[in-house]
Amino acid sequence: MKKIVVSNKVHYLGTNDRKKSLFENNWPLPNGVSYNSYLIADQKCALIDTLEFGSKDDYLEEIENILEGRDLDYLVVNHMEPDHSSMIGWIIRKYPNVKIVANLKAFKMLDAFYGIPEESIFEVKDGDELNLGYHNLKFVLTPWVHWPETMMTYDTTDQVLFSCDAFGSFGTLDGGIFDDEINFSFYEDEMRRYYSNIVGKYSHMVQKAFAKLSGISIKMICPSHGPVWRTNPSKALELYDKWSRHDSDKGVVIVFASMYGNTEKMADYVARLIAEQGVKNIRVYDVSKTHVSFILNDIWKYKSVILGSSAYNAGMHPMMQHLCNELEVLNPKNKNYALFGSYSWSGGGLKSLVAFAEKMEWNQTAPPVELIGSPSEPKMEGFARIAKTII
Ligand code: FEO
């Protein structure tokens, strides 16, 4: 591979994973994902995070080529999730003198995952600095973005932020590595999907991280997934700020779970009524067909949500239950919502949706609609109110 220089003495050592189907064995990767690692070859040499094991067979060779016979002095561990840390053992075997730079919360994990004892770790605390010669690294502890031990590394010399998961994205880097080399419209969707699926639960901690970073000038952001922000890092900052404040766009996501098509007809009916109100951003999803990853992404994107389920074993449909479980865990806030359901004898689908929605503390705009059997115009009168109020 060609050497990719990020900035003065900073090399990009990332790779694309197009083989893995599910990130964390949970979230689909139709467009793959990149793992980014960075090597600073200064008077002292420091590797910033590693890669997922097996994702780049010539990783060690590339490090060796850049170091040109020199030793690796430091390995900075911003985050212990194995998509960034599972090459640590290989780095230590090749460079036995390397100092592992981490904060206290990573110690236990370094031992538990890789058998690295506490005494061989170079501990850094919030605000500590490490001089490499030209570059000067400052460590900013940003817990829960997205594990408790997470920190960011800020190069005070060139004002580069190595942010790990923050500002990262799903999607491989297909030739373009930097924000000025790519069509961002593709990555914006994948970046929000990464945010909503992986980081969103910890939005309040993202806001705390923002507060910490607010006083520093950031000329470049080097995340551990997705494009490197060398030209317009303020775009990444702006999007993350918006998503972590639960600010969303005008639009409606309608999600239904339907066994034989009656609940689906209700979804299409209300979607049409909403379109007649002049709303253009309307997405209708069959939760049994579309993976919740993509539905959650659109729910994070848009202000309004309508959920509908058939009754199933006296509760909601299991696929809708899965979505509701994820919503409860990831906890998107500030939503307008409405509900609907259908049943054949004793019901229970809508009732369990109502119980779910009460826990979410969203804003219900109109009473729910529930019908027995197949839909007909008179049975669906209640949708007019939902369509008028949901936006
Ligand atoms: Fe990309 Fe939390 O790992």
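Me: Buried means under 20% relative accessible area, exposed over 50% and partly exposed in between (1.4 Å probe, protein chains only). Which residues of helix α5 are buried?

Reply: This is a predicted model, in which local features need pLDDT of at least 70 and side-chain atom pairs pLDDT 80 or more, while totals for chains, interfaces and linings use all residues. Residues are numbered from 1 along each chain as its sequence is written, and side-chain values use heavy atoms, without hydrogens or water. Helix α5 covers residues 184–199, helices being DSSP runs (H or I, at least four residues; strands E, at least two) numbered from the N terminus. Its buried residues are Phe 184, Tyr 187, Glu 190, Met 191, Arg 192, Arg 193, Tyr 194, Tyr 195, Ser 196, Asn 197, Ile 198 and Val 199.

Me: Why is α5 largely enclosed, and which elements do its buried residues pack against?

Reply: Twelve of the 16 residues of α5 are buried, so the rest of the structure largely encloses this helix. Packing is judged by contact (heavy atoms within 4.5 Å). The partners of the buried α5 residues are β4 (22–23), β5 (27–28), α6 (203–213), α7 (233–244), α9 (292–301) and α10 (318–330).

Me: Which residues is Leu 323 in contact with, leaving aside its neighbours within four places in sequence?

Reply: Leu 323 is listed with Leu 307 among the residues with the most contacts inside the largest core. Beyond its sequence neighbours, Leu 323 touches Val 255, Val 287, Val 292, Ile 295, Leu 296 and Leu 307.

Me: What distance separates the centres of domain 1 and domain 2?

Reply: The protein is divided into domain 1 (4–244) and domain 2 (249–389), with bounds from an automatic or database domain assignment. Across the division, 15 residues of domain 1 are in contact with twelve residues of domain 2. Taken over C-alpha atoms, the separation of the two centres is 38 Å.

Terms used:
A nonpolar core is a set of buried Ala, Val, Leu, Ile, Met, Phe, Trp, Tyr and Cys residues joined through side-chain atoms within 4.5 Å.
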